[in-house]
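Thanks for making time this morning.

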Amino acid sequence: RTKPIHGLNDNAIFASISFVDELLHNPKMIAIIRNPVDQSVSAWRHNLRLAREEPGHEASHLALQKNPSGTLEGYVLARSSWYNGHVQRFLDYAQGKNHICTVRYEELVRNKKAELVRLFDFLGADTSDAIIDHIVDNSSLTEMARNSARPAFFGVGDQTKEQMKVGHAVRREALERSRTVLERA
């Protein structure tokens, strides 16, 4: 392998995947797909944090959380519909394209080493135990927060994070709404 690997992290790429794919001439892409409940809770927490940290931009961050009930659970249910449409369109586009690889976030967390080997192999990167083990050993939320210029992003020690819970009925409903998409991912 002679070309370096460069990364681009863009959470909005699902909406413009065909454009990006054509613009960059079919680059290898990895899409990490997280279940809509935990993704929504994370986005809710993230936008509350940004509203506190970015004076003058509070309204724009809080506007992203609007939903009919004005609650976290209402946000989770509203986002599950958005999630289904965007992820479904992405999966339809990516189907059969060997340069696009998907991974479920939950599987990456649960089987980190095996998933990293699979992803590195897809990229044509070195999958030696020394490299993979180093990443595994340094990728806990605590370790990533410790090494980050923006440690608050990881939520380590964030007391409000513990208060952001979604009830069992809402979790079940949102996951059921997304079952077809999650089974494909």
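This is a predicted model: local features need pLDDT of at least 70, side-chain atom pairs count only at pLDDT 80 or more; totals for chains, interfaces and linings use all residues.

Residues are numbered from 1 along each chain as its sequence is written, and side-chain values use heavy atoms, with hydrogens and water left out.

Helix H2, residues 36-53, packs against helix H4, residues 72-94, at an angle of about 120°, and their axes are 9 Å apart; helices here are DSSP runs of H or I with at least four residues, numbered from the N terminus, and axes are lines fitted to C-alpha atoms over the stretch in contact, with angles from 0 to 180 degrees between N-to-C directions. H2 and H4 are therefore oblique to each other, a label for whatever is left once angles under 35 degrees count as roughly parallel, over 145 as roughly antiparallel and 65 to 115 as roughly perpendicular.

Within H4 sits Ser80, which counts as buried because its relative accessibility is 0%, buried being under 20% relative accessible area with a 1.4 Å probe and protein chains only. Leaving aside residues up to four places away in sequence, Ser80 touches Pro36, Ala174, Arg177 and Ser178, where contact means heavy atoms within 4.5 Å.

Turning to the second pair, helix H6, residues 112-123, and helix H7, residues 129-137, pack at about 125° with axes 10 Å apart, which makes H6 oblique to H7. Lys112, Lys113, Leu116, Val117 and Phe120 of H6 meet Asp129, Ile131, Ile132, Asp133, Ile135 and Val136 of H7.

How values were computed: Helices (H or I, at least four residues) and strands (E, at least two) are DSSP runs, numbered from the N terminus. Buried means under 20% relative accessible area, exposed over 50%, partly exposed in between (1.4 Å probe, protein chains only).
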